[in-house]
Amino acid sequence: MPSIISPLSPDPSVPASAMPLISPNALLYAHLKQSPPRRPSSRTPSEPRPIQLNVGSLAHCNGSSLVKIGATTIVCGVRAEILPVTEIPSFRITKAGASYTPTAPVVRDTRYQGDTEKDNKEEDEGEYSPISLYNLVVPNIELATGCSPRHPANAAPSTEAQSISQRLLSLLHTSQLVRSSDLEIIYTPPAQAEDLELGIDTDPQLKAYWTLYVDMMCISHGGSVFDAAWLALYAALKDTIIPKSWWDADLEQVLCSAEVADARKLSLRGIPVPSSFGVFVPEKRVLGQDGHQDPYWVLMDTDGFEEEACAETGCITVDAGGGKGSSLILRIEKNGGSNVGVEEMVNMVTLAERRWQQWKTVLDAALSNS
Amino acid sequence: MSDRRRLNGPAGTTSPPVFTPSTGSAISPQYRSRKPNELRKIFLQTGVVPSATGSAYLELESPPRSRSTVLNTSSTIKLSCSVHGPKPLPRTASFSPNLQLSASVKFAPFATRNRQGYVRDSTERDIGMHLENALKGVIIPDRWPKSAIDIAVTVLEGEDDQIDGDRIVGVGLVNMLAGCINVSMAALADARVDCLDLLAAGVGAIVAGPEKPLRILDPASIEHEAILASCLVGYLPSRDELVEVWTNGSSSTQGANAGISFDEMLDSAVAAARGAQTVIKEVLVEALTKTKGGTKKLSHDHMNDVEMKT
Amino acid sequence: MATSALVVPGQVLGNLSTHRAGPGTHVYENNILASIIGRSIVTPADKGQSGSSKAVISVPRPGTSPSATKTANALPAVGSTVLCRITRVQQRQITASILVVDPSPQDVTSYTRITDDDLQFQAVLRREDIRTHEKDKVVMNDMYRVGDIIRAVVISLGDERNYYISTAGNEFGVVVATSDAGNAMVPASWREMKDVVTGQGESRKVAKPS
């Protein structure tokens, strides 16, 4: 940490230590105009903070994770609960031609019987996926934990918290991270000779869905919370085990096996990794006669202090694990300004790919340790 | 009625999974392997929330974990605490020459065996009140006129009480309050709010022994079949004062439980509190040594790892 | 000045018969006890002052050490110099939020500190406390504008919410200001500041640069 640079203060009677309080913008500018530009945390503008990850430490969860990125700490727990299809209002099978029946027959080949044959080319579920139709994956982030002075405990969810939860949900849906086939609980009635003669249907029936509640507690808020929350969510889902479950026709309910050996992991689609950034534009007053023409800096993985000073922000989500050498851009968000053009966005995709590699390494290490 | 400010999931009701009676790996009760006067190890760390004036994380040693069953009884206590302030009184407050302390406890939805919603319930309020009262007994409020301080404890994991329990009750709750008091004291000291002493909390209990009831320190509920009585104290060691007492179960001054009187149980709790205080003190002194020795680093960097041991 | 070991609240540091209790300590049954964590310091008695000749034991709130970055700032007291940001200018008074109390060049401020105006202690500068002379001719808008950073002194603990501050005196007044055009300004005289780019002057009560 380079100590605060002396020419920062316009008036020697204002101590340098007061500068972050008086003018965060001036302080950030003073750091970034150095050559090469350095941020107050002595990172370069494109350098993200290291990620720490720990999985499986919460006893009461099907899956859990702890993600620490700089001063941001998120704890995430996944709980699986059962949603019988009888609980779903106007439940219908979305496949063409199927009509409403409370215990709808599922026309399906052998795919559901084992996850050995999980094929990546499985058809897209699209917007009619049961996951988005019935809200089977429910992410919520809690910021009201005293994680920063701005987020006092026991307050109602702030706009920021609501917005992050919504963005997480939307990325979950658009990236189709969770397979709905992983969440189905299917009953195949025993085929008996006399049933067949009587014409009784013995097709497999969808009896219930697993619902995944993904709850994230923000322990410490230090900027780029969305990234940390998504990575925590991803790692926790990766860690999640779903108990073996079956429909008990006599009890008319779903029963589960408590054996870990029977349980299975979720098979997630790809590894989407978001990279948030901020665009710092110095105030006119701090530029003075420095003579630069509209300078600005793109800061990857902004910390809390930088987030304050950046009006233009955005996030690029990529999945570089495609295998064909090119990464997929899953989502681009940007708002609050017009400094960053197309070319720079393309550059940032490269940075986002680097972030993906970083996360992959951290994730693999954590999963192999757990 | 659903909370529109959160994502509420399916319109229908979901229910926690029902497990078949486990074959083979039945949940075996765990027995206490510690000595009667031995506490569980406490992992404590300060400075986990850089933007707070003070913060701490506390975790109790977890019992050996069975890896073969999805049902997990080996939960422990994991708490995070942040202190904000002293700061201006809220707009609605009237003048006060003293520091206004408020404390709250919040359970994460995954803190208990079955998922809890986000709505604050009576257990949280109750334990928050106890915590607030205990902490009010240790701060020196007149050092901070016209100011408020907020203490927020987040429960990431609570101790299980029974096999099918969905709420933390009994000894689990008492242990939780003890943890809340200890983690809050560490965070308050980290924030350098003036205090009379290092407050510490401990729990003592009378449990059914093989022949006659036993007196133990720091009871973990899953280790005992029957806890006859338990007692929590918030204790100021340097003045030998109690700021909080909470007992469950019956005990008598006469020593009804085979000669173990209430006083003796209270003494056990005080001994447990003394043990906890040693840990708090060690951690605080160590944190001080670290910051003194190090070079000029801002709190960005000098945040240490929150380690969640598996 | 002697430094001793690291102390925690409740630790006995000395006795009232030999020492006096300083900041960061409290007294219980004639003993001086630490009330915050830190390093205890014994300051020899100030011979010049009448009264007790006992040395003072204190546990300083680290102002210069890195750990100060995340500890509570000292509260404003009568006589404290404060740096404030003007949040509101009215006919009879000015409202400001206190950013720094008793600034010293050795302080290290954390970048994690949040400067929202509603999280800071609030101060009121009444019209009659703006300067020492011609108090009745003061035009508020010629003195301070919203957003200016001023140096002031706390003159009273005030009412339930506000501290009362004063800028009467040469060393008090605006230290950082932005011009109408949005540029930084430098002091031109005790009553004017100039835009560094356009050279345009604006009226302010300027603090004498120290």
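The buried residues of helix α2 of chain A are A26(A), L27(A), L28(A), Y29(A), A30(A), H31(A) and L32(A); a residue is buried if 20 or more other C-beta atoms, placed from the backbone, lie within 10 Å of its own, exposed if 12 or fewer, and partly exposed in between. The model is predicted: local features need pLDDT of at least 70, side-chain atom pairs count only at pLDDT 80 or more, and totals for chains, interfaces and linings use all residues. Residues are numbered from 1 along each chain as its sequence is written, while chains are lettered from A and ligands numbered from 1 in the order in which they are written. Helix α2(A), residues 24-32, is mostly covered, with seven of its nine residues buried. Its cover includes α1 (19-22), β11 (273-280), α7 (284-287), β12 (297-300) and α8 (304-309) of chain A. Helices (H or I, at least four residues) and strands (E, at least two) are DSSP runs, numbered from the N terminus.

Chain B contains three helices and 10 strands, in the order β-β-β-β-β-α-β-α-β-β-β-β-α from the N terminus. Of its 310 residues, 54% count as buried. Among contacts in chain B with a separation of 6 or more, 72% join residues 24 or more positions apart, two residues being in contact if their C-beta atoms, placed from the backbone, lie within 7 Å.

The contact between chains A and B takes 68 residues from chain A and 60 residues from chain B. On the side of chain A, β3(A) gives the most, with eight residues. The residues of this side divide into 34 nonpolar, 27 polar and seven charged; Ala, Val, Leu, Ile, Met, Phe, Trp, Tyr, Cys and Pro count as nonpolar, Asp, Glu, Lys and Arg as charged, and the others, Gly among them, as polar.

Beyond neighbours within four places in sequence, L177(B) is in contact with I127(B), H130(B), L131(B), A201(B), L232(B) and W246(B).
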